[in-house]
Amino acid sequence: MIKLFTLASLLVTMPVSFISVNYNYSYYGETIHSAPGMTFAAYINAQSLGVTLTSPEDLVVYDEEIYLVDSNTNNLIVIDNGFNLVKEYVSFSLSTEYQDYLTDQGVVDFSDISLDSPHGIDVNDSGIYICDTSNFRIVKLNHDFEVIATFQDMDDKTFDLELDDGIEFEPMKITVDASERMYVVAKGVYEGIMEINYDGDFNRFTGVNPIVLTPFEIFSRSLMTEEQIAQLQLFLPTEYTNVSINEKSFIYATSKTSENNADNPIQLINPKGVDVITRNGYFPPKGDIHYVIGSNNYVIEGPSELVDISSTDHGIYTVLDQKRSRLFTYDSEGNLLYINGDEGSQSDKFSEGVAIEYFNDDLLILDRGTKTIVVYQLTEFGAYVNQAISYHDEGKFEEAALIWEEVVKINSNYEIAFNGIGKLLLRQENYKEAMEYFKLGHDTYYYSKAFKGYRNDIIKNNFGLIIGSMVVVAGGLMGYKVYSTYKKGGSILYED
Amino acid sequence: MKTKLKTIYNDYVKFPKYILFHPFDGFEEFKRYKKGKLIVAIVFIILFAFFRVFQYQYTGFIINENNPLMLNSLQEIFSVLLLVVLFSVGNWSVTTLMEGKGSYKEILMVTGYALFPMIIMGFPSVIISNFLTLEEIAFYNLLMYMAVIATGWMLFMGILNIHQYGLFKTLIAFIATLVAMSIMMFLGLLFFDLIQQFISFIAAIYEEISLR
């Protein structure tokens with residue numbers, strides 16, 4: 001009997017413990033169930049392409065083609081939109097212009113250039129840019145895959161090898177804006193993202209993560225001698241892990257978390273170098289909000305380790321957490337839309353994600369562990385959410401609200417959707433219902449607006465009643481006072 | 001009936017108000033002519049504990065960040081009681097050594113009476129906060145700040161008067177009271193920890209012996 005019962009209960013509980021649970025965070029920070037926003041669609045691996053992949057590092061999408069670099073085979077692989085191999089490039093010949101330029105410089109060696117452990121790539125209309133990490137240079141190719149320039153020897157004292165703390169220029173990740181300025185994350189550089197001009201001149205560092213010392217640290221440091229301070233652990237700003245530019249030339253950047261910037265591992269850096277990302281969601285965008293701290297062998301501890309970021313239309317962006325293999329999608333307001341991803345070595349999972357990139361509406365995740373590109377596509381729920389946000393962004397509140405209603409049907413835990421519906425009701429001046437929806441979505445700003453309208457309505461409709469009752473009450477009180485004074489035999493005209 | 005209502009009004013509103021605005025005269029009457037009543041102080045403390053629960057649950061939606069499902073009224077009540085007991089015991093033990101003239105009962109009464117502005121202003125402002133927009137919420141904050149400052153003022157003047165201290169000595173007494181409170185907290189936690197260890201030790205011995 002007991003055996004039977006155990007088997008029966010296993011039948012009920014087993015599927016629950018094996019399926020991955022999709023979640024989101026509520027306003028109060030509870031983890032609540034959510035419908036999946038994206039799900040596995042396809043995979044691309046070395047077998048399906050017919051190439052060798054040993055350590056893929058970065059991928060980028062340009063003109064319906066996927067460009068991928070591998071840091072061990074030192075190849076550049078181009079894949080078309082049907083996920084078939086277009087070509088694999090091992091070395092690149094020099095273009096005639098570049099040969100002429102080199103001749104002017106007095107160089108006679110025109111042999112082909114090959115890469116050494118490339119870690120980053122970016123492609124736009126002006127060419128293909130590859131971080132040739134172990135050759136300490138950036139290689140720029142034209143769209144015929146011929147070298148048109150290489151950039152090395154950055155003119156900054158960080159890279160002055162004659163100094164004690166000078167280091168080699170090892171570019172890791174790159175992104176290029178419309179005016180061909182390169183934004184580079186280099187290894188061991190704490191000053192920020194390197195901005196390099198189109199001709200290879202180092203311009204400046206941008207988007208620095210500032211260091212903040214507590215008053216106690218400042219006080220204790222002021223008491224120490226030079227030698228003691230030298231022995232202390234260095235207070236270094238956190239390193240950036242990846243950069244990605246959007247169509248307005250704003251840079252999406254991810255950085256490692258530390259005590260100093262626990263709440264801003266994701267930044268949107270404007271051309272002035274200032275972080276302008278909107279953090280209007282329930283929590284600042286930083287991946288997982290709850291995590292275990294302290295040594296423990298059973299669960300992964302510490303905050304999310306964001307390694308790549310990719311943005312799509314209407315300011316929706318996704319970050320990749322390498323530590324727990326999760327994808328967090330946010331909208332331009334900083335609301336956490338959905339969390340996806342599944343850790344594992346099966347074809348539909350990934351274990352060591354290194355790069356993500358939007359491919360139209362799909363998301364490509366490059367996994368260094370299983371050497372696979374996993375393709376995620378939007379589910380019905382995710383497509384509705386994205387559609388509603390794009391309508392909202394275009395100012396079509398009615399269409400957006402209709403779609404938000406569909407979203408709530410699929411996932412009634414989805415608090416952001418209630419705000420979307422509430423905004424339409426607010427525009428329709430249906431204040432009372434709008435208040436209810438904003439209360440469900442915990443949007444105090446819009447709740448306050450709806451409440452103001454509601455309160456004004458009540459006062460307008462009952463203006464006579466309110467003023468009348470005020471006059472009656474005041475008059476009554478005065479009359480009572482006069483009456484009681486006379487009754488006591490006093491006079492209201494004189495103080496006695 | 002009417003006289004009874006009048007005494008209640010006098011005890012619970014008029015006299016505390018008189019103390020708030022005339023602290024020296026008020027506390028003179030409070031101490032010398034025994035116009036302060038213990039029952040009033042206890043009612044104020046209970047009302048304050050109730051106010052904490054009320055504030056948690058019924059502050060306007062715009063500024064209320066508490067999860068209504070997480071309300072633990074016992075926790076709120078006990079935290080108020082603990083604070084009152086800690087303060088009165090701490091202050092009594094310090095002022096006894098510092099030649100204070102106040103008895104424990106008087107200290108407890110001053111603590112209770114000092115909560116009067118918090119109660120008389122707190123309840124209306126929590127109700128008002130439900131009818132305010134985000135821009136007007138400053139009024140709620142103003143009222144609450146005023147209530148807190150008035151409470152601090154009453155507590156300070158009360159302690160100063162019932163112990164017949166000067167300004168400087170009262171400040172010293174307050175700092176010493178804080179120290180005494182933290183020492184009591186420390187001893188309490190230490191006691192709980194030791195008792196826990198002791199119980200688990202006995203449980204372990206029992207288990208060892210019973211398994212033999």
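This is a predicted model: local features need pLDDT of at least 70, side-chain atom pairs count only at pLDDT 80 or more; totals for chains, interfaces and linings use all residues.
Two residues are in contact if their C-beta atoms, placed from the backbone, lie within 7 Å.

**Stop 1: chain B**

Select the whole of chain B. Among its contacts between residues at least 6 apart in sequence, 77% join residues at least 24 apart. Colouring by secondary structure shows eight helices and zero strands; read along the sequence, the pattern is α-α-α-α-α-α-α-α. Chain B is more spread out than a compact globule, because its radius of gyration of 21 Å is well over the 17 Å that the globule rule gives for 212 residues. Along the principal axes, the C-alpha atoms of this chain fill a box of roughly 75 × 50 × 40 Å. Of the 212 residues of chain B, 27% count as buried.

**Stop 2: the sheet of chain A**

Next, select residues 56-62 and 85-89 of chain A, which are strand 4 and strand 7. These strands belong to an open sheet of four strands, ordered 4-5-6-7, with antiparallel pairing. Strands 4 and 7 of chain A stand at the edges, and each has a single partner strand, so one side of each is left without a neighbour in the sheet. From one strand to the next, the twist averages 15 degrees.

Within the pair, display Leu59(A) and Leu68(A): Leu59(A) stands opposite Leu68(A), which lies in strand 5 of chain A.

**Stop 3: helices 7 and 8 of chain A**

Move to residues 397-410 (helix 7) and 415-427 (helix 8) of chain A. The axes of these two helices come within 8 Å and cross at roughly 145 degrees, and helix 7 of chain A passes helix 8 of chain A in a left-handed crossing. To view the contact, show side chains on both helices: helix 7 of chain A contributes residues including Phe397(A), Trp404(A) and Val408(A), while those from helix 8 of chain A include Ile421(A), Leu424(A) and Arg427(A). The residues of this contact between helix 7 and helix 8 of chain A divide into nine nonpolar, one polar and four charged.

**Stop 4: where the chains meet**

Finally, display both chains and select residues 444-461 of chain A, which form helix 10. Eight residues of chain A are in contact with five residues of chain B. Helix 10 of chain A supplies the largest share of the chain A side, six residues. The residues on that side divide into four nonpolar, two polar and two charged.

Terms used: Residues are numbered from 1 along each chain as its sequence is written. Chains are lettered from A and ligands numbered from 1 in the order in which they are written. Two strands pair if DSSP finds at least two bridges between them. Axes are lines fitted to C-alpha atoms, for helices over the stretch in contact, and angles run from 0 to 180 degrees between N-to-C directions. The radius of gyration is taken over C-alpha atoms; the globule rule is 2.2 Å times the number of residues to the power 0.38. A residue is buried if 20 or more other C-beta atoms lie within 10 Å of its own, exposed if 12 or fewer, and partly exposed in between; C-beta atoms are placed from the backbone. A crossing is left-handed if the near helix is turned anticlockwise from the far one by less than a right angle, and right-handed if clockwise. Ala, Val, Leu, Ile, Met, Phe, Trp, Tyr, Cys and Pro count as nonpolar, Asp, Glu, Lys and Arg as charged, and the others, Gly among them, as polar.
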